[in-house]
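This report covers a protein model. The sequence and structure come first, and the text follows.

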2 protein chains.
Amino acid sequence: MSVEIKVSGLVIKRLPRYYRYLTNLKQMGITRVTSSDLSKKIGVTPSQVRQDFFNFGGFGMQGYGYDVEFLHQEIGKILGLNEMNTMVIIGAGNLGQALAKHENFEKRSFKTIGIFDTRDDIIGEQIRGIEIMHFGSLSDFVKNNHVDIAIITVPKTSACEVLDTIIKLGIKGIWNFAPIDLVGPGEVEIENIHLSDSLMVLGYNMKKKPFTQM
Amino acid sequence: MSVEIKVSGLVIKRLPRYYRYLTNLKQMGITRVTSSDLSKKIGVTPSQVRQDFFNFGGFGMQGYGYDVEFLHQEIGKILGLNEMNTMVIIGAGNLGQALAKHENFEKRSFKTIGIFDTRDDIIGEQIRGIEIMHFGSLSDFVKNNHVDIAIITVPKTSACEVLDTIIKLGIKGIWNFAPIDLVGPGEVEIENIHLSDSLMVLGYNMKKKPFTQM
């Protein structure tokens, strides 16, 4: 009998951090790691680490810790990093170009295969060998190429119109950098990035006035 | 007698999201909001919302909800948004320029006052009226201007050297976009941004293969 387990979003958010830490350990030639060492790095308790992994079957910890290579591989599979995900970038401004140049996405199996904009003067330019095409040709592009994810890096004012087009074209994943919370139909996954949230957290931590209660 | 309360990092991370939602409510002319409505938007239980706020004294919820204007103001104060924070950007590549142009930071009281790079061909250029200066002149700039936060948008290979310089100059907050976990002395707050983490979460959610256990 199989039982479906709903895994909490907080656990999912920790997986990339485990994965990054395990990548570093592998590079340093470390072969085993304890839940205690993992917990210090991630900022949770050792028991939370074991609970996190238990959601996925436990990864067979022995008395002396987890096998780094195996754990790295399994978490990678859960995150879908064993298959290449294809992406298009909508908006070739500074942020769009910065993301197109970002070296780490492809290492993590997220490959940019097209960049789109509406400004005629930059159409045809290349970024890391990827051509900037006109947004009007996105529809044809999607017919001829499998696209998993669209990255939205257009101004706030165009974001909703772009979202509409993308959804109609059947793209199922959206990574949105326009400063607006985009919402789509249930079958479309949207990850809204709010850079200023993390800036506010930094501001808070810098001041860290301990709150006093009467 | 006053008691210091240590507020959990998870609560702090929710504050910007409450703040953004309350900003939207204010713009829409909404004057009161219940913990139930807040909880739906933030994705926690109503009881968690009340617990979150209780860390800061509770914000005086009445039977019919919280006062939007008051709650917005108080959370803003906790995040330090009632005082302007000054920032410099180190690295005027695409990402540095995109952040310099980002309209929302200044609205949230985070103002960029200088941009620094080492590439002679762009020194003297202006972005939103802010001059790109040589990294060698950062020391003089910091002597003459109060700088709260340095944003690091240089390649991974220069990040540690840049961090060293920034720390020696006495800057206490660092927002790091170089794809490496920077660590500083205890008195320096560092927020490391890993964009690919959120991409991996998106990848996971898109696939959301329910995990089956025997």
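The model is predicted, and its local features are reported only where pLDDT is at least 70.

**Interface of chain B and chain A**

The contact involves 71 residues of chain B and 69 residues of chain A. The size of an interface is often expressed as the accessible area that is lost when the parts come together. Between chain B and chain A the buried area is about 6,300 Å², and carbon and sulfur atoms contribute 63% of that area.

The rule finds 12 residue pairs in polar contact across the interface of chain B and chain A, both residues of a pair being at pLDDT 80 or more. On the side of chain B that touches chain A, helix H9 (residues 195-207) of chain B gives the most, with 13 residues. Sorted by class, that side of chain B has 35 nonpolar, 17 polar and 19 charged residues.

**Salt bridges**

Over all chains, a search of the whole structure finds 19 salt bridges. Across the interface of chain B and chain A there are 4 salt bridges. The table lists some of the pairs.

| Pair | N to O distance |
|---|---|
| B:Asp197 and A:Arg20 | 2.6 Å |
| A:Asp181 and B:Arg20 | 3.2 Å |
| B:Lys40 and B:Asp37 | 3.4 Å |
| A:Lys111 and A:Glu106 | 3.5 Å |

How is A:Asp181 linked to B:Arg20? The two form a salt bridge, with the closest N and O atoms 3.2 Å apart. A:Asp181 lies in the loop between strand S9 (173-176) and strand S10 (189-192) of chain A, while B:Arg20 belongs to helix H1 (residues 9-27) of chain B, so the pair joins two chains. A:Asp181 is partly exposed at 34% relative accessibility, whereas B:Arg20 is buried with a relative accessible area of 12%.

A:Arg20 is part of a network of salt bridges that links A:Arg20, B:Asp181 and B:Asp197.

The other two tabulated pairs each lie within one chain. In chain B, B:Lys40 and B:Asp37 meet through their side chains. These residues are 3 residues apart in helix H2 (residues 35-42) of chain B, a separation of about one helical turn. An α-helix has 3.6 residues a turn, so residues three or four places apart point the same way. B:Lys40 is exposed, with a relative accessible area of 63%, and B:Asp37 is partly exposed at 36% relative accessibility.

In chain A, the side chains of A:Lys111 and A:Glu106 form a salt bridge. A:Lys111 is partly exposed, its relative accessible area being 33%. A:Glu106 is also partly exposed, with a relative accessible area of 30%.

B:Asp148 is in the loop between helix H7 (138-144) and strand S8 (149-152) of chain B. B:Asp148 is buried and has no salt bridge.

Polar contacts of B:Asp148 are found within chain B. The side chain of B:Asp148 reaches the backbone nitrogen of B:Thr86 at 2.9 Å. Another polar contact, of 2.6 Å, joins the side chains of B:Asp148 and B:His146. Leaving aside residues up to four places away in sequence, B:Asp148 touches A:Met206 as well as B:Met84, B:Asn85, B:Thr86, B:Ile171, B:Lys172 and B:Gly173.

**Positive phi angles**

A:Ser109 has a positive phi, near 75 degrees, in a residue other than glycine. A:Ser109 is placed in the loop between helix H6 (104-107) and strand S5 (110-117) of chain A, and at 10% relative accessibility A:Ser109 counts as buried.

B:Arg128 also has a positive phi, near 50 degrees, and is not a glycine. B:Arg128 sits in the loop between strand S6 (126-127) and strand S7 (130-134) of chain B. With 43% relative accessibility, B:Arg128 counts as partly exposed.

**Helix H8 of chain B**

Which residues of helix H8 (residues 156-168) of chain B are buried? They are B:Ala159, B:Val162, B:Leu163 and B:Ile166. These buried residues pack against strand S4 (85-90), S8, strand S9 (173-176) and strand S10 (189-192) of chain B. After H8(B) comes B:Gly170, with a positive phi near 90 degrees.

How values were computed: Residues numbered from 1 in each chain as written. Chains lettered and ligands numbered in written order. Heavy atoms only, no water. Contact = heavy atoms within 4.5 Å. Buried area = accessible area lost by both parts, 1.4 Å probe. Polar contact = N/O pair within 3.5 Å; in protein donor to acceptor, adjacent residues only side chain to side chain. Helix = DSSP H or I, 4+ residues; strand = E, 2+ residues; numbered from the N terminus. Nonpolar A, V, L, I, M, F, W, Y, C, P; charged D, E, K, R; others polar. Buried < 20%, exposed > 50% of the residue type's maximum accessible area, 1.4 Å probe, protein only. Lys, Arg positive; Asp, Glu negative; His and termini not counted.
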